[in-house]
Amino acid sequence: MLKSLSIRNVVLIDKLDLDFTSGLNVFSGETGAGKSILLDSLGLILGNRAETGLIRQGADKLTVSGSFEIADKDNPFFKICAENDLEIDDEIIIKRSLSTDGKGKIFLNDQPITARLLKELGSYLVEVHGQFDNQGLLNPATHLQVLDSFGGYDEELEKTASAYRKYQDLSKKLNQAQAAFNEAVKEEDNLRHWVDELEKAKVKKGEEEELNRKRTELMHAEKIMEGLNTAYSSLHGRDIGSLIQKAQGALSKINGLTDGKYEEIEKSLDSALIELDEAVSLIEQASQDINITSGEADSIEERLFALKALSRKHQVGIDELPEVLLKFKGELAALDKGGEDIADLHKAVNLAREEYVKSAEKLSELRKKAASSLDTAVMGELAPLKMEKAKFVTEINKTDEGEWSERGFDRVCFTVATNPGSPQGALNKIASGGELSRFMLALKVNLAQKSSIETLVFDEVDSGIGGATAQAVGERLARLAKKVQVLLVTHSPQVASFSDEHFKVLKQTENGITLTKVYRLSAAEKKEEIARMLSGEKITDAARAAAEALIANG
């Protein structure tokens with residue numbers, strides 16, 4: 001509920017601090033005294049548009065702050081705050097300022113927020129109803145949620161929402177699978193050709209590197225052969241082996257004379273002779289290899305050209321071609337199996353749709369029962385409000401499948417007929433100002449116990465009525481105020497007599513400056529104000545007696 005409201009420099013208000021209690025808080029005063037300024041100020045901290053024209057003449061900026069307390073911890077207000085990383089204590093303080101240059105600031109418990117977020121949060125703090133209000137209950141888009149709140153079938157709502165999400169998720173998967181399958185069908189011939197082409201190519205990882213190495217050798221084959229020939233001719237045909245053998249013979253004789261003193265040298269020469277023969281043999285073999293592979297140059301170039309062509313075609317490196325082949329084979333296998341998968345998904349989607357429809361139909365039946373109860377309850381309130389000939393009906397119609405949602409497939413609209421024989425029409429289009437106010441009141445009396453909003457504001461909803469009808473309106477507002485906090489702007493003394501707290505709005509001129517003032521009235525002052533409302537500027541004893549009687553009956 002709204003605990004306090006502080007206003008600085010708004011139109012005719014220079015400084016105003018008000019504290020509120022639960023129950024029925026009434027504001028009265030002469031026409032033009034400034035009651036609308038209070039509502040405009042409250043609207044600023046609920047997210048209404050801020051205009052520089054609201055700044056009091058001569059002031060640099062306006063400031064409005066309000067303190068709220070929410071008893072219902074399930075109020076969506078807390079969820080929205082959590083989603084936006086806003087820290088909330090037991091007390092909620094909203095402060096908004098606007099300078100003459102059009103720049104404004106908004107704070108929620110000293111944390112800056114946007115005007116859009118304030119608008120969303122404000123809708124869960126206070127609900128405002130005026131004679132020409134076009135929001136809240138007058139907006140048909142809200143009627144579905146209002147009826148669901150009244151009905152209290154949360155479990156079925158969640159089942160329907162869950163079934164809808166499952167249906168949508170499976171439908172999305174089916175659409176994606178079908179699109180992929182259709183695309184694969186278009187590419188089937190290409191896939192089979194590519195697989196055949198890559199299989200014939202028999203690409204091996206690392207093949208490109210090996211081919212480049214061989215090609216490099218072949219490019220330098222002539223120089224390599226020349227070097228090998230030089231090495232071979234330097235060793236072959238020379239009597240190097242005979243010389244080594246001659247040296248071995250000489251050392252062998254010496255070792256015989258010296259008891260093997262130079263045996264190690266003899267052994268080294270023996271190893272040199274063996275390695276010499278091996279080197280000559282290796283050079284011969286290398287020369288033969290060059291002669292054998294030199295004819296492969298053309299085939300290597302052709303192979304590299306073919307591999308690079310495949311690489312460009314599939315836009316991957318040559319070493320990645322084996323993976324591309326596996327991918328294509330997988331796609332072909334999926335294509336062969338795709339029809340079966342899609343058939344299975346079709347069955348799953350149809351089953352999910354059936355489950356959703358079943359749940360939505362059950363939800364619709366619950367809504368019809370709730371609508372009947374709401375219609376009966378509202379009709380019961382209309383007769384005392386002197387609208388016994390009016391008819392209130394909650395219409396429920398099934399929407400087209402394209403409009404189905406987590407809340408089912410119903411469209412709900414509150415309709416009225418103000419006279420017998422008149423056709424039912426949307427609440428916001430058929431009822432006149434005075435009638436609309438009473439319809440709204442009849443609705444709110446029955447909806448208040450289910451609503452998460454703890455503060456309701458009524459701006460002259462009793463306009464154009466008086467006598468017994470006004471008395472009935474006052475009774476219902478008082479009854480409503482036992483469940484939620486009600487702030488009421490009224491010109492009706494009958495309605496005002498039911499107030500728990502009464503505030504008087506006055507316009508006063510001091511030193512040539514006109515300002516709006518608001519005073520909390522004592523019991524005696526309340527009686528005097530109601531007497532003024534009954535008789536006008538000149539208050540008579542009869543008016544005071546009538547006021548006392550109204551208060552006693554209130």
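This is a predicted model: local features need pLDDT of at least 70, side-chain atom pairs count only at pLDDT 80 or more; totals for chains, interfaces and linings use all residues.
Numbering starts from 1 along each chain as its sequence is written, and side-chain values use heavy atoms, with hydrogens and water left out.

Let's start with the sheet. Six strands make an open sheet, ordered β2-β1-β4-β5-β6-β7, with antiparallel pairing. β2 (13-19) and β7 (111-112) are at the edges with a single partner strand each, so one side of each has no neighbour in the sheet. Helix α1, residues 35-44, packs on this sheet and touches β1, β2, β4 (61-69) and β5 (91-99); its direction makes about 105° with that of β1. Contact there means heavy atoms within 4.5 Å, and axes are lines fitted to C-alpha atoms, for helices over the stretch in contact, with angles from 0 to 180 degrees between N-to-C directions. As for β1, residues 2-10, six bridges join it to β2, and Val 10 sits opposite Ile 13. Helices (H or I, at least four residues) and strands (E, at least two) are DSSP runs numbered from the N terminus, and two strands pair if DSSP finds at least two bridges between them.

Now, which element gives the most to the lining of the largest cavity? That's α1, with four residues. β1, α1 and β13 (485-489) each supply at least two. The lining includes Leu 2, Phe 20, Leu 38 and Val 489. The volume is about 90 Å³, and the structure holds two cavities of 30 Å³ or more. A cavity here is a set of points on a 1 Å grid over the protein atoms alone where a 1.4 Å probe fits but cannot get out, and lining residues have an atom within 4 Å of a point. Volume is the space filled by probe spheres set on the points, which are joined across faces, edges and corners.

Next, the hairpin. β14 (501-510) and β15 (513-520) pair antiparallel over eight bridges, with Phe 503 partnered by Arg 520. Two residues lie between the strands, and Asn 511 in the turn has a positive phi of about 55°.

Last one: α15, residues 467-480. Ten of its 14 residues are buried, meaning under 20% relative accessible area with a 1.4 Å probe, protein chains only. Among them are Val 473, Arg 476 and Leu 477.

Key
Buried means under 20% relative accessible area, exposed over 50%, partly exposed in between (1.4 Å probe, protein chains only). On a 1 Å grid over the protein atoms alone, a cavity is a set of points where a 1.4 Å probe fits but cannot get out, and a pocket is an open set with protein on both sides within 12 Å along at least five of seven lines; lining residues have an atom within 4 Å of a point.
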